[in-house]
Amino acid sequence: MRRAAAIVAALILSVLISPTALAHDPNEPNIDPWYGEGILWSHPFVGAPVKTVHVTLSQPPSAGVPVKMTIKTADGFDATDSWMYGVLRTGCDYQRDCPYHGISQSGRTLKEGRLIVPLSEPDRDFSFSMTFPTADHYWGGMRIINGGEYLFLNLHIDVTDIPIGTGPVEADLPASIAGRTMPLVAGSQRPPSWLKPIAYFVLALLILAAGYALIRIPVKMSKAQRTDDTDEVAST
Amino acid sequence: MSATLVETAPASEIEAEEDRRSQLPRVIARPSVIGVAIVASFTQGLGVYWDIAHHIDIGRDTFFTTPHMFILTGMALFGLAIVFGLGHNHELEKHGYTLRPALIAAGLGVVVQFVSLAFIDNWWHAAYGIDTTLWSPPHLLAIFGGTIAQFGLIAGASAELRSRAMTRAGYVLLTLLVSGLCLSVMIVLAEYEFGIPQFRLVYQPIVLTGIAVALLALSKRILDYRFAATAVAGIFTLLRVLTWGELGAMGRTVPAVPLIIITALAIDLSSNLSESRPPWLAPVLGVIAGAITLASQMIIFPIEAKLWFLGWAGWTWPVVVSAAIPALVISALTFTGGWWLGGRVEASRPLPYQAKTEAKPRLATGS
C-alpha cells in the first residue's frame, strides 16, 4: 500500500515538475531554426513572436563619454521578476575569444563588454550607464527575464559617426519572446515539441525513483546495525 | 540498544568485539579510494564552474575544452576509486561483511553522470543548440548522477569508519567527502550565481535555501560532531573562493559565492543545545535555517558585487518577499529530510554478508 502511494505521489510530482520546468518555453510551432551560439548572445529566430521595447540613449554615443541607456516597454517590466544581462562589444564575431573592445558598465566591475542590469524602480525599466572605449560599431545581445517571458533583444550601436546635436537617441526595437531553447546547430531540424516535456517528465521520474532506491541503502544498513546490536545483546 | 549492550556485556567482550571490527580489511577508508574520491569531487567541482565561465565568455567551441577535461578527469577518478573500493570489498566479504550496496550505488551514479554528459548531453546540444540552460534534462541528470555517486560513497565510508573506533582522521576524511557533495549539489544554482539566469528570479532563493539547509542538516547528522555543519560550510566556502580566484586569475566571469556558513553555525549551535532532539525540532530548525540563509544572501551578494568581477547584484526585496514563504516551507521539509537521512547514514554499518559457500557472518550471530 505504501509503495503504491509512493508511486502515485512520484507520478503526480513528475507531472507537476514538467510544466514548471517548461514555464518559459512556449514551444512555438513552425519556428525557423535559431542561429548563432554563446550563452550571452541573443539571436532571435525568424518568425518568433515579438514585443516592442523602447530603447533610449541619453545622447549620441561617442568614444570615452558615458552614456545612459534605458530600455522600457509600454506597460513596464514585471515589478517582481525582471532581470537583464548581455554583451555589447565590437567586431570579433560571435562568441570567439578573439581580441575585441567592449563597453564598460558604470558602477560595476564586470568583464569588458558584459552587462548586468537589475530592474529600476519605480519606472520598471532597465537603465544603466556605459562607456564606449573606441569609435567603432558595437553589436550586442540582451536577454531579459520579464516574469514568465524570456526576451531576446539585438542591438547595434554605431559610434563611428560624429555626433550631431546633443539630444537623446531613441528607437523602437523588436524583442523576441522566446523559451529557453537556444540556437540550433546550423542545418539541424528543430526537435519535436513533445520531446522536451517528455524529457523533463522522465528525468523527474528517474530522480524520484533513484532517490527512493538510494535512501533505502542507509535505511537498510542502519537496520542491519540495530539487528547486529540486538544479536550481540542476546548473545551476552 | 547500544546502551543496553554497554550495560550488560562484560567490558572484555566489548573490547574483543572492537578488536575484531578494527581488524576487518579496509575498503573505502584507504587513500586509493576515499582520497582519490575527494580529489575527484573537488576536480569536478572546479571543472564545472570553469566550464560555465568558459561557456559565458567564449562559448562551447568544442567538446574537448580544458574545463570539460577537468570534469571528465574527475569523473574517471571517482569511477576508479569505486572500482578500487569494490576490489577491497571482496576482501571484506570474506570476513562476513559487505559495503556492496553503497559502492554499487556510487558506481551507478558515475555511470549515469558519464552517459548523460558524454552522450545524452551532446545529443541534446545537437537538438537544441550549443548553449542550453544548466537546467536542461541532461545537465540535471548529470548533477543527479554525481549526487548519487557521492552520497553512495559517503554512506559506505561512514558505515565503514564507524564500524571501528572513529578516529580524528576518519572525521576529517568524511567531512571532506561531505563537502564535495555540497560543492556538487550547489552547482544547480550556478546560472543565477554567474548572473545569467534563464528561469524566474524567485526560484533562486527557494532552491538555494531548500538545498543549503538540507545539505547542512545532512552534514550535521552524518558527521555528528559539535561544529560539523560549520566545518562543511567552511570547506565549501573555501573551495568556492578558490574557484573564484582561479577564474579571476584567468580573466573569466566569476560566480557569486552563497553565504551558508552562518546558517551552518546556527544549525550546529541550536542542535547542540538539545541532546534529545525531539521530532518537532527538525522542521523548526529548518524554518530558522531557511530564514537565516535568506537574510545572509541579502547581506553578502551586494557586498560581493561591489568587491569582485561579479555578475550577480543581489536579491531585490520584491523577489525575496515573493520567495520567502515557499522558501521557508521547503526549508522545513528539506531540513527534516536531510536530518532524517543523515541520521540513517550515521547509524549505518557494513551489512552482514554470507557467501554462497561460506558459513554465517562472524559478528552477527543470527536470530
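These legends accompany close-up views of a predicted model.

**View 1. Chain B as a whole, before we zoom in.** Welcome to chain B, which contains 13 helices and two strands. Of its 367 residues, 60% are buried. Take the contacts between residues at least 6 apart in sequence: in this chain, 78% of them join residues at least 24 apart. The chain exposes about 13,900 Å², and carbon and sulfur atoms supply 70% of that area.

**View 2. A nonpolar patch on the surface of chain B.** Here you can find B:Val111, B:Phe114, B:Val115, B:Phe119, B:Ile120 and B:Trp123, which form a nonpolar patch. Together these residues have about 550 Å² of accessible area. One of them, B:Val111, belongs to helix α5 of chain B, a helix that covers residues 100-128. B:Val111 counts as partly exposed because its relative accessibility is 47%, which falls between the limits of 20% for buried and 50% for exposed.

View 3. Is B:Arg164 buried or exposed? With a relative accessible area of 11%, B:Arg164 is buried, since buried means under 20%. Its side chain also has a polar partner to look out for: the side chain of B:Glu160, at 3.5 Å.

**View 4. Strand β3 of chain A, covered on both faces.** We now move to chain A, where strand β3 spans residues 82-90. How many of the nine residues of β3(A) are buried? The count is nine of nine, and the strand is described as mostly covered. In a regular strand, side chains alternate between the two faces of the sheet. On one side of β3(A) you will see A:Ser82, A:Met84, A:Gly86, A:Leu88 and A:Thr90, while A:Trp83, A:Tyr85, A:Val87 and A:Arg89 lie on the other. Both faces are covered, and all of these residues are buried.

View 5. Which strands pair with β3(A)? Strand β7 of chain A (residues 137-146) pairs with β3(A) in the antiparallel sense, over nine bridges. Strand β5 of chain A (residues 114-118) is also antiparallel to β3(A), and here the pairing runs over five bridges.

Note on methods
Residues numbered from 1 in each chain as written. Chains lettered and ligands numbered in written order. Predicted model: local features only at pLDDT ≥ 70, side-chain atom pairs only at ≥ 80, totals over all residues. Heavy atoms only, no water. Patch = residues over 30% accessible without salt bridge, like charges linked within 9 Å, V, L, I, M, F, W, Y side chains within 5 Å. Areas by Shrake-Rupley, 256 points an atom, 1.4 Å probe, with all protein chains shown as cover. Salt bridge = Lys/Arg side-chain N within 4 Å of Asp/Glu carboxyl O. Helix = DSSP H or I, 4+ residues; strand = E, 2+ residues; numbered from the N terminus. Buried < 20%, exposed > 50% of the residue type's maximum accessible area, 1.4 Å probe, protein only. Polar contact = N/O pair within 3.5 Å; in protein donor to acceptor, adjacent residues only side chain to side chain. Pairing = 2+ DSSP bridges. Contact = heavy atoms within 4.5 Å.
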